[in-house]
Amino acid sequence: MEEEEDRIQNLRSKATELLLRKEWKDSIEVYSELISLCHDQISNPHQNLDPNNLPKLKKSLCLALCNRAEARLNLQDYPQALQDCNEASQIGNTHFKTLLCKGKILLSLNQYGLALDCFKKASLDPNELENSEMLNGYLEKCKKFEFLSRTDAFDISDWVVNKFQGKPPELAEYIGSIEIKKSDISGRGLFATKNLDCGNLLLVTKAVAVERAIVPESVFQDSKEQAQLDMWKNFIDKILESIKKCVRTRDLICKLSNGENEDDLEVPDIDLFRPEGEDSSTFHDKKIDKEKLLNILDVNSLVEELISAKVLGKNSDVHGIGLWILSSFINHSCDPNVRRSHIGDHVMIHACRDIKAGEELTFAYFDVFTPFRDREEKAKNWGFVCKCKRCNLEKGVSSNQEMMEIEMFLGKGLDDGGVVYRLEENMRRWMVRGKGKGYLRSSFWRVYSEVYESERSLRKWGSKVPLMENVLDSVVDAVGSDERIVKLLMRGLKRKNGHKGNGIVEMEKAMKLGRGLYGKIMKKQTLRTILIQLGN
């Protein structure tokens, strides 16, 4: 018995030393050996265990389980870490370290209410007053995240005001008024369950995995393609590691489309994606075919659109790819009604125009200011044919001789003002009305923006082309807000008003565009600051 006790003591010392050195994998290996030995000592009836040593042995087992959970937590192996904490809780359900570790695991799993319960129980321990400051920090964080997960009261103003310096703000998981249903566009889609205003937040969710790399625009094409291939390989490795650790992640990824038999896919309940509603019995430990996984990633992965790059041009050389499971249900449209912003590893999705209850949510998989034939080719490369209202209208006019001539002139050095004039005249002859004008103006955005940015072009063509304000209104109505629209508007206001400040009415219009652009996630003054920066 003394030999066994010495062995337990040696293993405990070795494991603790590895844990303090943050050698997580090695510490897990030693703790596993220690836990196995403790189990044998407790459960073996032939050991003639001294009854006085039993509490001591159970305490050692409880602490070993808790410390192994801590190591697994640092390796982001949350399911196994939680299992260790649950076993430790059966030995001592008020053990401070176990409650603290379990709370941190549940917080990482976005189960804020359950995490809050653990931290509250831990705070009742009178012997842990020296840890009260740390514990209060976790309590406040849980309360904040639990509140955010029930509301859309996110605010990234401080980070924006500081010009995106430092770490991105920590965000809670949030699922708004949406559901998954069969889609007339393709397979399944996300739909609004109530009327939504422009700027309303719909979804905040963290990526299963993200891979980023710095790829300067100046590098040769071959080098750029190699960097992208390396990113893709590393990204796949991260996904494989994630599904290896977590049955829930694997099961949810399996519910995504692999690009085949879209109409036969089941429609999962939105509650499956709510962390607090997770029931481990719902998920099954089933293997996923690697070829199927690659097809799923090919269909559902998104390229990051960093908010810092769009506003300040900061991190514009940083390219990223990731998988955000629930947002993968959003189908494409060249006439989108939602936008996404990437902040840290999270994606935030908001309405970029008013949305009616029952309407499907869509965002653009590629640039909405791309001409029809280019968009058609991009969609083909993605493996689908876009049949949105915009594409149907533009397909109808693309075969007109006049339209083909205009497209031909684009690459022949014709004056941009002349292109705009010809297009506007042809739209009048073709009797294009309402949104149709906005669709075509969006497809020829480059030439419109060049005309309105150029004093020379405005002097030459000003009386023959529409007012900039009218064009911007029609484009926003057609495809929603965009940084380039806001930049053109703000620069126009700056030219019009000089340095005396912008007119109240014009600034209110810009603020409305800003809400469609970034959603309601920052204070008015912060949004105003961003809009002014875009105009500089």
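Is Cys85 buried or exposed? Select Cys85 to find out. Cys85 is buried, at a relative accessible area of 0%. Buried here is under 20% relative accessible area, exposed is over 50%, and partly exposed lies in between (1.4 Å probe, protein chains only).

Before going on, note that this is a predicted model, where local features need pLDDT of at least 70, side-chain atom pairs count only at pLDDT 80 or more, and totals for chains, interfaces and linings use all residues. Residues are numbered from 1 along each chain as its sequence is written, and side-chain values use heavy atoms, with hydrogens and water left out.

**The cysteines**

A disulfide needs a pair of cysteine sulfur atoms within 2.5 Å.

Now pick Cys246. Cys246 is buried as well, with a relative accessible area of 14%. Its closest cysteine sulfur belongs to Cys254, at 12 Å, too far for a bond. The disulfide count by this rule is zero.

**Asn200**

Jump to Asn200. This residue lies in the loop between β3 (188-192) and β4 (201-206). Strands are DSSP runs (E, at least two residues), numbered from the N terminus. Asn200 is buried, with a relative accessible area of 14%.

Show what surrounds Asn200. Leaving aside neighbours within four places in sequence, Asn200 is in contact (heavy atoms within 4.5 Å) with His350, Ala351 and Lys520. Next, select Asp197. The Asn200 side chain reaches the backbone nitrogen of Asp197 at 2.8 Å.

Methods
Helix = DSSP H or I, 4+ residues; strand = E, 2+ residues; numbered from the N terminus. Polar contact = N/O pair within 3.5 Å; in protein donor to acceptor, adjacent residues only side chain to side chain.
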